[in-house]
There are 2 protein chains.
Amino acid sequence: MNICVLGGDGYCGWATALYLSGRGHTVSIVDNFVRRQWDYELGVQTLTPIRPLPERLKLWRELTGNEIQSFSADITDYESLASVIKAAEPDAVIHFAEQRSAPYSMIDRKHAVYTQVNNVVGNLNLLFAIRELRPDCHLVKLGTMGEYGTPNIDIEEGYIKIEHNGRSDVLPFPKQPGSFYHLSKVHDSHNLAFACKIWGLRATDLHQGVVYGTMTDEVARHEGLINRFDYDEVFGTVLNRFCVQAAVGHPLTVYGEGGQTRGFLDIRDTVRCLELACLNPAAPGECRVYNQFTEQFSVLELAQLIKTAAANLGLPVEIQHLPDPRVESETHYYNAKHSKLIDLGLKPHFLCDSLLDSLMNIAVRYSDRVDRDTLHPMINWRKARNDRQRSAAAAFSFAR
Amino acid sequence: MNICVLGGDGYCGWATALYLSGRGHTVSIVDNFVRRQWDYELGVQTLTPIRPLPERLKLWRELTGNEIQSFSADITDYESLASVIKAAEPDAVIHFAEQRSAPYSMIDRKHAVYTQVNNVVGNLNLLFAIRELRPDCHLVKLGTMGEYGTPNIDIEEGYIKIEHNGRSDVLPFPKQPGSFYHLSKVHDSHNLAFACKIWGLRATDLHQGVVYGTMTDEVARHEGLINRFDYDEVFGTVLNRFCVQAAVGHPLTVYGEGGQTRGFLDIRDTVRCLELACLNPAAPGECRVYNQFTEQFSVLELAQLIKTAAANLGLPVEIQHLPDPRVESETHYYNAKHSKLIDLGLKPHFLCDSLLDSLMNIAVRYSDRVDRDTLHPMINWRKARNDRQRSAAAAFSFAR
């Protein structure tokens, strides 16, 4: 297939682009490289030394003979996006090109507004570009499991049959997102469903869980292809951050009780899910929702798994409970369905000791690049302004 | 109370500001006058000759001795909004200051993006301004009944108890909005609920039905206080538009079968509902949703009521069924709850013959101002670009 990966220089996007290219698809990448800019803004960097996109793509071509075309474009600029869609003529567009950090969106008003405008406008532009230029193209959009929040009932895949006062209907599953970022994904999901309804677009809205890991078969081929591995409090997802903390002897920072339970998946499953979604496109007018994760864990369970794995490597580590900087339930019911991608053929990579070992080995290998000051949470959901850049981590405190 | 009315120069805003001022509240108006600009853009005007805001306010002061302070500010500019909140020190903010036309949002990509960015950013700015500057202030936000769409179950007021697989929870009522405008209100509602949760703000999200009428006791005091009366296909709400069509002998334009059923209310009830919401503020952290309408009608029922009322005035009029330019169910179940404002003391003005007579008399009185070319629907939901400004109504056609 001809597949265009928006946000293909990012964490999930890069792994996906290489995987699809390796599987024989024609792949193009669109990125504006703002993700690299946010690292400069926040004073953080990926644990792994990633190379500039042109260098990565040249190396991939040398290793595989596969050409990945790249476009430097910001999808919030419609004319740029339209010219890419015209040039690339994709059968499927995978849309990763959004600001994807909850803490980043909670820094202050400007970051909240930026996150929502950037994500909503980029997605609206994409809907219009597909409608006007490539109406049969399948849009595979990255949403998040965080759109659902933590309801006290089972979470279905996008829609729920509701019986009420003797009548029934299948309706969008109610959303209770937990940050201005998660809200932007809920806004996108509503816009996406509407565009499918009025214009007959084909869409798959992947409500992805928390991704962990960094190695896929493709990036493992050469160090120059290495993927991002974010461990800081803003962009670091929890399992990756715990691995780094263990590697440098920093306590594992559990927010509150640690009973917060979420869906998780290995990045090797992310890339396969994306291919499965592309190979099995939605029908015209259909807005499918798949819950894209493979296992549920609480944060404390993950911390205990890492503590054990670290001990096996001779790295003793403590678990430190911090006041939760987020506003969320610290213990709650959580049971989310996730069978649709399995039905399409996904064979999950479950979290296991060998993966934890491998993750921790990466963390140890690059531990001289770790900045411990970026591990501590400095963005408090209860405040409207978090002067993160000017605070030293050691001096950080907040009132609940 | 000290009440700040954002969008106080508009249709509902102006009536509300005068009503509250007449009831003895300290009222200030914030407006950027973009609603008047949209009339120029679209080549339409209100049936009634409205005067500039300073002239209106001067007249109101002369008639009543009541001073309404006015601020010229765009709430998407945070610094402007913040300086207003600091100066006005409101106990309640009523937020009408959004782009409120579904067809306007469906003209093309630019209008869709404009509507969502304008509405979402203005509302986000307001949430941050209240949090930072006036945290105890009660936010009374205008949403719309259109957020719910037309589910096949009873519509509750904002939240629904869902029983599922042996468990239950009270969750936000699922939303199925029918235009990029209605979507913007759904985005707002999610942002609002989140801000109440994390910051303990007080909010009332009024899901208002379709408003009709133009005369309130206050604007009736002098012709210089007259309110907007929009009848064009973009900003004209359906009952007002039918009255004008009847007055000038134009067929009543029913979209499709006309079975589309919605909640409606008299503008005299709008203003009272706003006062009731202000006088009974939400608790800190509470995001209440009230469905603000008094009666349900189908579009065809309204057309038949107008046809009868017009005949009684010696104005014979036909009902014309046009292909529905919107994507919506033309017949459907509809039963929306609306008891919470009644419980607070609302005494509805139901739609009656005398009101229809009075509306039609206004339409007849100003019928020399009617531009018949603006009555016909020219914005088709199925198209991504509607070159409305350049089309003659007579030449308008669209494929379904």
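## Exercises on a two-chain model

Chain A has 400 residues, and a compact globule of that length would have a radius of gyration near 21 Å; chain A has 20 Å, which agrees. The radius is taken over C-alpha atoms, and the globule rule is 2.2 Å times the number of residues to the power 0.38.

This is a predicted model, where local features need pLDDT of at least 70 and side-chain atom pairs count only at pLDDT 80 or more, while totals for chains, interfaces and linings use all residues. Residues are numbered from 1 along each chain, chains are lettered from A, and hydrogens and water are left out of side-chain values.

**Exercise 1.** Find what share of the residues of chain A is buried.

*Solution.* Start with the cut-off: buried means under 20% relative accessible area (1.4 Å probe, protein chains only). Apply it to the 400 residues of chain A.

**Exercise 2.** Describe how far apart in sequence the contact partners of chain A lie.

*Solution.* Contact means heavy atoms within 4.5 Å. Take contacts between residues at least 6 apart in sequence. Of these, 80% join residues at least 24 apart.

**Exercise 3.** Describe the interface of chain B and chain A.

*Solution.* First, list the residues: 53 come from chain B and 53 from chain A. Next, take the buried area, the accessible area (1.4 Å probe) that two parts lose on being put together, summed over both. It is about 5100 Å², and carbon and sulfur atoms give 66% of it. Last, look at chain B: Arg109(B), Arg167(B) and Phe194(B) supply 13% of the area it buries against chain A, more than any other three residues.

Methods
Buried < 20%, exposed > 50% of the residue type's maximum accessible area, 1.4 Å probe, protein only.
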